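User: I would like to learn how to read disulfides, helices and contacts in a model. Where do we begin?

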Amino acid sequence: VSTQSTGVHQTWSTSVKEHLDQGTQLLRTGNLGEALNHYHAAVEGDARNYLAYYQRATVFLALGRHRQALSDFDTVIRLKPDFYHAKSERGNLLMKQGKIPEAREQFMEVLNADPDKAQAGLSDLPILEQAVEDADDFFEEEDYASAIDNLDRAIEIAKWDTSLREKRADAYLKLGNIINAIGDVRAIAKLTNDNTDAYLKLSQLHYIMGEEEESLKEIRECLKLDQDHKACHKHYKKVKKLVKQLNQAQELINEGFYEDAVTKLQAALKTESSEAKIVLKIQSRLCLSNKQGGLISECLKTCTTVLERETQDIEALVNRAECHILNEDYEAAIADYQTAQGITDAKHIKEGLHRAEKLLKQSKKRDYYKILGVPRNADKSQINKAYRKLAREFHPDKFTDEADKAEAEKKFIDIAAAKEVLTDEEKRQKFDNGEDPLDPESEQGRNFHQNFHGFPFGGGNQQFFFKFN
């Protein structure tokens with residue numbers, strides 16, 4: 001409505017008229033914030049100017065501030081009772097707020113002066129009433145899907161009615177649809193001022209979803225509104241502590257301190273031991289950390305816990321498969337990789353399955369880890385220590401019986417071969433991938449067997465050298 005088209009003669013100060021004109025120009029260009037400032041100034045300059053209130057109400061509507069818009073429309077109608085266009089807008093606003101009796105009364109007042117808008121509103125109100133009534137009936141019958149269908153229709157008309165969104169959020173929760181419930185609760189938080197309960201509910205729902213960072217963000221919004229809110233403060237303390245523990249654990253994982261990460265994750269499980277998705281997230285990280293840290297039994301335990309809840313968790317399947325390999329249970333590793341391959345044909349899963357199959361085949365031949373009696377994740381110092389111990393034990397010079405000496409010579413060769421492979425990074429990698437670098441059929445294997453005539457062995461102050469040719 002322009003300042004020239006009302007047909008009403010009023011005396012305005014120049015500054016008020018300028019503010020109205022500038023506000024209108026800004027409104028046309030979509031600069032709502034600046035337009036609102038000019039309309040504020042116009043209202044302050046002339047508190048009896050109904051057009052200033054009307055124009056400001058239209059900006060409030062565009063900004064979604066419907067309560068302030070309604071207040072301005074009320075003032076417009078009080079100042080100019082025959083301004084039917086404002087009454088039509090007020091009727092629409094009341095309908096969108098779900099205030100059916102008030103909206104119907106307002107539309108009836110303008111039925112003759114503004115029939116098109118009034119009839120449109122009067123046609124929508126019965127649809128809204130019926131949808132709300134049916135939704136309540138379905139909710140009572142625990143038919144939540146049908147209740148949601150009717151609430152969808154109602155909210156399409158009364159989009160600012162928070163009670164309808166609360167009912168729909170409840171129905172979504174009854175069906176276990178937390179994501180859609182979050183959408184409605186978030187809308188409620190925006191539609192109502194200082195709604196601490198809405199932010200608390202948002203935080204709790206995100207937490208149930210296993211979204212602890214988002215939960216912390218929303219609970220902080222509650223405390224911004226009321227720092228003494230007991231329920232929000234209690235939830236905040238718990239979520240903040242958990243987020244800190246999980247972030248610290250992730251940093252330790254990133255830096256390769258897996259045992260420390262396990263300790264931090266176990267502390268996180270004490271902070272939250274019952275919320276399913278949070279617990280699953282912690283167990284998943286424990287599964288990874290135990291695997292990376294070589295904690296085989298704990299790895300198998302935590303990865304299995306994850307898979308009991310999420311049978312198609314690819315990461316847990318792969319991590320457990322790798323722990324089965326460390327545990328030399330190659331058939332179990334193959335089973336996990338095959339399950340993972342049935343879910344996705346990712347390259348790393350194909351490669352893992354192929355490696356597990358080669359290791360199973362290899363295990364039926366010579367296993368250098370078993371020869372030295374060390375785990376597959378043993379470091380070089382453990383390997384050398386085991387080698388020295390066995391070399392002393394099976395040195396052929398310690399045996400006088402020819403049969404025993406021959407058996408010792410055979411074991412001595414195997415011990416030397418195990419040391420040769422496991423202390424050489426490249427050869428060990430080949431062996432870990434299922435290939436025996438000293439297989440007589442391979443070039444490296446032929447070289448080893450052709451060139452090996454003996455090796456030095458020291459014990460105490462004596463030096464031994466045993467020759468096989």
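Analyst: A disulfide is a pair of cysteine sulfur atoms within 2.5 Å. This is a predicted model: local features need pLDDT of at least 70, side-chain atom pairs count only at pLDDT 80 or more, and totals for chains, interfaces and linings use all residues. Residues are numbered from 1 along each chain as its sequence is written, and side-chain values use heavy atoms, with hydrogens and water left out.

User: How many disulfides does the rule give?

Analyst: The count is three. Take the bonded cysteines in sequence order: the pairing is 1-2, 3-5, 4-6.

User: What does the link of Cys222 and Cys232 tie together?

Analyst: First the bond: Cys222 and Cys232 are joined S to S at 1.9 Å. Cys222 lies in helix 12 and Cys232 in helix 13, so the pair ties together parts 10 residues apart in sequence. The link is right-handed, with 90° about the S-S bond.

User: Is Cys222 buried or exposed?

Analyst: Buried means under 20% relative accessible area; exposed means over 50%, and partly exposed lies in between (1.4 Å probe, protein chains only). Cys222 is buried, at 0%. Cys232 is buried too, at 0%.

User: Where do Cys287 and Cys303 lie?

Analyst: Their sulfur atoms are 1.9 Å apart, forming a disulfide. Cys287 is in helix 15 and Cys303 in helix 16 (residues 296–309), so the pair ties together parts 16 residues apart in sequence. Both cysteines are buried.

User: What do the buried residues of helix 11 pack against?

Analyst: Contact means heavy atoms within 4.5 Å. The buried residues of helix 11 pack against helices 9, 10, 12, 13 and 15. Among those buried are Tyr199, Leu202 and His206. Just after helix 11, Gly210 takes a positive phi of about 80°.

User: Which side chain makes a polar contact with that of Glu89?

Analyst: A polar contact is a pair of N or O atoms within 3.5 Å; within protein, one must be able to donate a hydrogen and the other to accept it, and residues adjacent in sequence count only if both atoms are side-chain atoms. The partner is the Lys117 side chain, at 3.4 Å. Glu89 itself lies in helix 5 (residues 84–96).

Conventions: Helix = DSSP H or I, 4+ residues; strand = E, 2+ residues; numbered from the N terminus.
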